[in-house]
Amino acid sequence: MKCSRRLVFLTAAVSIAVGSRAALPEWVRFVEGGSRVESVFFRSMALPGGSVNVRRPPTETRAELTTLIHATPAQADLYSLRAREAELLLDFGAAEADWKKYAELSKDRLALADYYHRQLRVNEEFRTLAASAANPKTFERMITL
C-alpha cells in the first residue's frame, strides 16, 4: 500500500514536471542544460523521488539576468532574455530598452520590430523595419503593415 502511494505520487510529480516544461515559453524551453542561464531560469526542488527543476518567477530571473549582464555586458542574448521576462512582468519600458540594446549589440533589428509588433505599435515597427530594409523579408513585412 505504501509503495503504491509513492508510485502514484512520483508519477504525478513527473507528469506535472513534464507537462509544465512543455508549457514553457520557447526561450526558456530550449535553454542548454547545465549552463549558467539554466540556473537563472530554474531552481532544483527536492521531491521524494528525486530533485526536479522548477521555473523561477520572472522577478527572480530578471534580477539574475541583470547580474549576468553586469558580468558580460556585450552578450546580446542576455538582453533579449531579460526583455522577455520584463514583458511577462508588464514592464514595457524596461523591455523596450533591453530590446533596443539587444538590437544594437546583435544587429538584429527584426527582434525590435517583433517587440513593437507584439505591442501593436505600428509606427515604431515600421520605422524599425525601414531602418533595416536591407533584408528582402523586411519589405514584405512593411507592405503587410
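**Confidence, hairpin and helix packing in the predicted model**

Over residues 17–21 pLDDT remains under 50, and for this stretch the model has four contacts beyond four places in sequence. The structure is a predicted model, and its chain has an average pLDDT of 82, with 77% of the residues scoring at least 70. Among the elements of the chain, the lowest mean pLDDT, 53, belongs to helix α1 (residues 2–22). The highest mean, 95, is that of α6.

Strand β1 (residues 42–47) and strand β2 (residues 50–55) run antiparallel and are joined by six bridges. The two strands form a hairpin, with two residues lying between them. Within this pairing, leucine 47 has glycine 50 of β2 as its bridge partner. Methionine 45 stands opposite valine 52, also a residue of β2.

For helix α4 (residues 58–71) and helix α5 (residues 76–88), the axes come within 9 Å and cross at roughly 155 degrees. Because angles over 145 degrees count as roughly antiparallel, α4 is roughly antiparallel to α5. The crossing of these two helices, α4 and α5, is left-handed. On the α4 side the contact involves Pro58, Thr61, Arg62, Leu65, Thr66, Leu68 and Ile69. These residues meet Leu78, Tyr79, Leu81, Arg82, Glu85, Ala86 and Leu88 in α5. By class, the residues of the contact of α4 with α5 comprise nine nonpolar, two polar and three charged.

Helix α6 (residues 92–106) packs with helix α7 (residues 109–118) at an angle of about 160 degrees, and their axes are 7 Å apart. This angle makes α6 roughly antiparallel to α7. The crossing in which α6 passes α7 is left-handed. From α6, the contact is made by Phe92, Ala95, Glu96, Trp99, Lys100, Tyr102 and Ala103. From α7, Arg109, Ala111, Leu112, Tyr115, Tyr116 and Arg118 take part. The contact of α6 with α7 contains nine nonpolar and four charged residues, and no polar ones.

Helix α7 also packs with helix α8 (residues 122–131), at an angle of about 165 degrees and with the axes 8 Å apart. The helices α7 and α8 are therefore roughly antiparallel to each other. In this pair, α7 passes α8 in a left-handed crossing. The α7 residues that make the contact are Arg109, Leu110, Leu112, Ala113, Tyr116 and His117. Those of α8 are Glu124, Glu125, Thr128, Leu129 and Ala131. The contact of α7 with α8 divides into six nonpolar, two polar and three charged residues.

Terms used. Residues numbered from 1 in each chain as written. Predicted model: local features only at pLDDT ≥ 70, side-chain atom pairs only at ≥ 80, totals over all residues. Heavy atoms only, no water. Axes fitted to C-alpha atoms, helices over the stretch in contact; angles between N-to-C directions. Helix = DSSP H or I, 4+ residues; strand = E, 2+ residues; numbered from the N terminus. Parallel < 35°, antiparallel > 145°, perpendicular 65-115°, else oblique. Left-handed = near helix turned anticlockwise from the far one by under 90°. Contact = heavy atoms within 4.5 Å. Nonpolar A, V, L, I, M, F, W, Y, C, P; charged D, E, K, R; others polar. Pairing = 2+ DSSP bridges. pLDDT = per-residue confidence, 0-100.
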